[in-house]
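Subject: Structure for your review

Dear colleague,

Please find below the sequence and structure that I am handing over to you.

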Amino acid sequence: MLQTLDDLDLEGVAVGVRIDINSPLASDDGGLADDARLRAHVETLSELTERGARVAVLAHQGRPGDDDFSTLAAHADRLDELLDAPVGYCDATFSTAAREAVAGLDPGTIVVLENTRFYAEEYMEFEAADAANTHLVEGLAPVLDVYVNDAFAAAHRSQPSLVGFPERLPGYAGRVMERELDVLGAIEETPTPRVYLLGGAKVGDSVGVARSVLERGLADTVLTAGVVGNVCLLAGGAELGPATSEFVYDHGYWDEIDRAGDLLDAYDEIEVPRDVAVERDGERHEVAVDEFPPEADSPAMDVGSRTVSAYTDVIESAGTVILNGPAGVFEEETFAHGTRDLYTAAAGAEYSIVGGGDTAAAIRKLDIEGFSHVSTGGGASLTLLAGDSLPAVEALRA
């Protein structure tokens, strides 16, 4: 059984809360370019402080070597603005300084501890019992009374900050985690027909989701787009030119073509694009899949109007639409049409779910509203939709 904040008496309790506030950073000053993930956790953090908890925040930002690998100082400042409770920052995670910062908290206050990924252990996958013996968990657990995991977006990982603490402390799900599991774990209860639109570049994950939901009878139709759609087209024998093929090969998706081919052979419920958009002389040019020019020097960057029309007809007849991944390179206005039109149609469905990650980023950029649920996690939502367990959630159940 998963325990939630409803099962906690929080007055004066020292709570270690893992959230996911990994955010885009501004290129000019390193500040936050988007605070959507921080705002997602305001409900949990506000409830903890309003009920008198002493809150130590654990989170990560970026990866070593990437431009967005940074401290959490800016995140702490923004949380201080978003929350009524005072929020401090400590440039340590489990050292003496971090323990003193947590021990010195007054009820109803928060300290954001340093980026967990500043420590090598956080890059390793552990069994929960082994994660409990890492320096991070051993160092910080003694000054905490309970552990709350609200980081659904990272729940598909088994790193120390996600699976180690529940071995040493009572573990609870925060409000984001609770809501995500309630929605994504109950897909079979949503209105039918049920349509999945799988796009973006997580080809292996999307093929796995498609197979799982079709095997379990959860999908009436699976629409493919983006890189996923291109791989499915190649699997079906389409000729998309050398640029598209090279992109698929260079990004390590070539082996997925056979998996996608097997899936297409097994299920008639999968739809592939009728036409795609390429760049020609700096402009958008739409080409029917069966008329793709062999000399084309641009990869397929969006679905075309014929595909949008056919997919929209399917979406408009659906009871539930689940979106995961954009239909094209939505960051460029020239190739945002497919994503914008299909997402807008999906927002009008009786029930609609956005699978987080790039999908959520796309709806924010394109300013599309009206969805029933917008997930905070891309990889985690795909894992759950595929019927697989989430290590961080299983750690809380133990």
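Predicted model: local features only at pLDDT ≥ 70, side-chain atom pairs only at ≥ 80, totals over all residues.

I begin with Asp281, which counts as exposed because its relative accessibility is 77% (exposed means over 50% relative accessible area, buried under 20%, and partly exposed in between, with a 1.4 Å probe and protein chains only). Asp281 has a positive phi of about 55° although it is not a glycine. The residue sits in the loop that links strand S10 (275-280) to strand S11 (283-288); helices (H or I, at least four residues) and strands (E, at least two) are DSSP runs, numbered from the N terminus.

Residues are numbered from 1 along each chain as its sequence is written, and side-chain values use heavy atoms, with hydrogens and water left out.

Further backbone features

Most residues other than glycine have a negative phi, and most peptide bonds are trans. Asp367 is another non-glycine residue with a positive phi, of about 55°. Its loop runs between helix H15 (358-365) and strand S15 (373-374), and Asp367 is exposed, with a relative accessible area of 60%. A cis peptide bond leads from Thr192 to Pro193, with omega near -5°. Pro193 belongs to the loop between H8 and strand S7 (194-198).

The chain as a whole

The protein chain contains 17 helices and 15 strands. Its radius of gyration is 22 Å, which agrees with the value near 21 Å that a compact globule of 398 residues would have; the radius is taken over C-alpha atoms, and the globule rule is 2.2 Å times the number of residues to the power 0.38. Along the principal axes, the C-alpha atoms fill a box of roughly 70 × 45 × 35 Å. Of the 398 residues, 58% count as buried. Among contacts (heavy atoms within 4.5 Å) between residues at least 6 apart in sequence, 73% join residues at least 24 apart.

Charges and salt bridges

The protein chain carries 26 positive and 73 negative side chains, and the centres of the two sets lie 3 Å apart. Here Lys and Arg count as positive and Asp and Glu as negative, with His and the chain ends not counted; the place of a charge is taken as NZ of Lys, CZ of Arg, CG of Asp or CD of Glu.

There are 19 salt bridges, a salt bridge being a side-chain nitrogen of Lys or Arg within 4 Å of a carboxyl oxygen of Asp or Glu. One of them joins Glu256 and Arg259, at 2.6 Å from N to O. Both residues lie in helix H12 (residues 256-266), three residues apart, about one turn of the helix. Glu256 counts as buried at 16% relative accessibility, whereas Arg259 is partly exposed at 36%.

Another salt bridge pairs Arg274 with Glu271, the closest N and O atoms being 3.0 Å apart. Arg274 is partly exposed, with a relative accessible area of 29%, and Glu271 is partly exposed at 24%. Glu333 and Arg340 also form a salt bridge, with 3.1 Å between the closest N and O atoms.

Helix H2

Helix H2 (residues 42-50) is mostly covered, with seven of its nine residues buried. Just after H2, Gly52 takes a positive phi of about 90°.

The surroundings of Ser375

Ser375 lies in the loop between S15 and helix H16 (378-385) and is buried, with a relative accessible area of 2%. Leaving aside neighbours within four places in sequence, its contacts are Phe152, Glu180, Leu184, Val354, Gly355, Gly356, Ala360 and Ser381. Ser375 and Ser298 are 77 residues apart in sequence and 33 Å apart in space, C-alpha to C-alpha.

Yours sincerely
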